[in-house]
Amino acid sequence: MHDPAAPTPANTPDKPLDADDFDWLDAELDMLREQDPYTPDWEFCEGFMAALVCTRRPVPPEEYWPVLFGEDFRPMEHMEFVWRWRRRWREVEQALDAPVEQLQDERAYNPEVLDTLGALLALPEAERGEASLDDLPAFAQSWAEGFLEVVRAWPDDWAPPRDKEQSAIRAESLSAVELLAAADTGQPALNLHTEDGPASVSEQRLEDFHAAIWAVYDLRSLWKSLGPRIDPVRKEAGPGRNDPCPCGSGKKHKKCCGA
């Protein structure tokens, strides 16, 4: 019998990840967290992936899996996770390459982020358990932290370009993401988990979130236009003029082949 959760054949068109896929990913990460408490949540993974898609040099999986999940992670033992990861990667890549002019465009990049505080506040107090509201991440904070983790892990590939205008685009774009890595200090005005729930996200936070998405578009465009960094080829130093000539004549280089 065919397992509906098993990876599809290579020639089967990818479908966008749906709610069931993201629930599966959350459950898989929960399982990994039982072995390693530092396993990130999917929102962090989502930001991590977006940054990898934008990175100037294509970073191969053998480089990024250990950074994301530690040295003990074995992709071959988690093929269903890897399959969904690749599907989502292609979704993100296509969205960031789409010529969108507004984020309401169905082709636009729509990060999988949660209003965790809003979800908790929407529950009756008796059902909230022992969770501390102060310990919960702000809206999109984990996504931003995942993005910035890639920037820190591969500094050479995120180094400022020499061109001042391009360097400014990089700096401004990263600053927009960094804003989301901080707490939401604005006045709560809306709940993004449920329309009639207690306010949990400030309007400024939502504006910053939208600005960060556009910043990711700018970073993707910037690095694609520049391509991978090419380190200058260093020529080996040749013989000095007063050194013996490498041809073996016994003469000084300046009086032989170097004349």
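The following legends describe close-up views of a predicted model.

**Figure 1. Aromatic pairs between helices H3 and H4.** Tyr64 and Trp89 form a stacked aromatic pair, with 5.9 Å from centre to centre and 20 degrees between the planes. Because Tyr64 belongs to helix H3 (residues 61-69) and Trp89 to helix H4 (residues 79-97), this pair ties together parts that are 25 residues apart in sequence. Tyr64 and Trp89 are both buried. A tilted pair is formed by Trp65 and Trp85, at 5.0 Å centre to centre and 55 degrees between the planes. Trp65 lies in helix H3 and Trp85 in helix H4, so this pair ties together parts that are 20 residues apart in sequence. Trp65 counts as buried at 7% relative accessibility, and Trp85 counts as buried at 1%.

**Figure 2. The aromatic cluster.** One aromatic cluster is formed by Phe22, Trp42, Tyr64, Trp65, Phe69, Phe73, Phe81, Trp85 and Trp89. In the whole structure, 22 aromatic pairs are found.

Figure 3. Arg84 lies over the face of Trp24, at 4.2 Å from the ring centre. Arg84 also forms a salt bridge with Glu80, in which the closest N and O atoms are 3.7 Å apart. These two residues are 4 residues apart in helix H4 and are therefore separated by about one helical turn. Arg84 is buried, with a relative accessible area of 6%, whereas Glu80 is partly exposed at 23% relative accessibility. Arg87 lies over the face of Trp83, at 4.6 Å from the ring centre.

**Figure 4. The salt bridge between Asp157 and Arg57.** The closest N and O atoms of Asp157 and Arg57 are 3.1 Å apart in this salt bridge. Asp157 lies in the loop between H6 and H7 and Arg57 in the loop between H2 and H3, so the pair ties together parts that are 100 residues apart in sequence. Asp157 is buried, with a relative accessible area of 10%, while Arg57 is partly exposed, with 25%. The structure holds 13 salt bridges.

**Figure 5. Helix H8 and its contacts.** Helix H8 (residues 203-226) has 24 residues and reaches 35 Å from its first C-alpha to its last, close to the expected 34 Å. Its buried residues include Phe209, Ile213, Tyr217 and Trp223. The buried residues of H8 pack against helices H2, H4, H6 and H7 and against strand S2. Glu93 is partly exposed, with a relative accessible area of 29%, and Arg220 counts as buried at 11% relative accessibility. Just after H8, Gly227 takes a positive phi of about 75 degrees.

Definitions and conventions: Residues numbered from 1 in each chain as written. Predicted model: local features only at pLDDT ≥ 70, side-chain atom pairs only at ≥ 80, totals over all residues. Heavy atoms only, no water. Phe/Tyr/Trp six-rings, centres within 6.5 Å; stacked < 30°, edge-to-face > 60°. Buried < 20%, exposed > 50% of the residue type's maximum accessible area, 1.4 Å probe, protein only. Lys NZ or Arg CZ within 6 Å of the ring centre and 35° of its normal. Expected span 1.5 Å × (residues − 1). Contact = heavy atoms within 4.5 Å. Salt bridge = Lys/Arg side-chain N within 4 Å of Asp/Glu carboxyl O.
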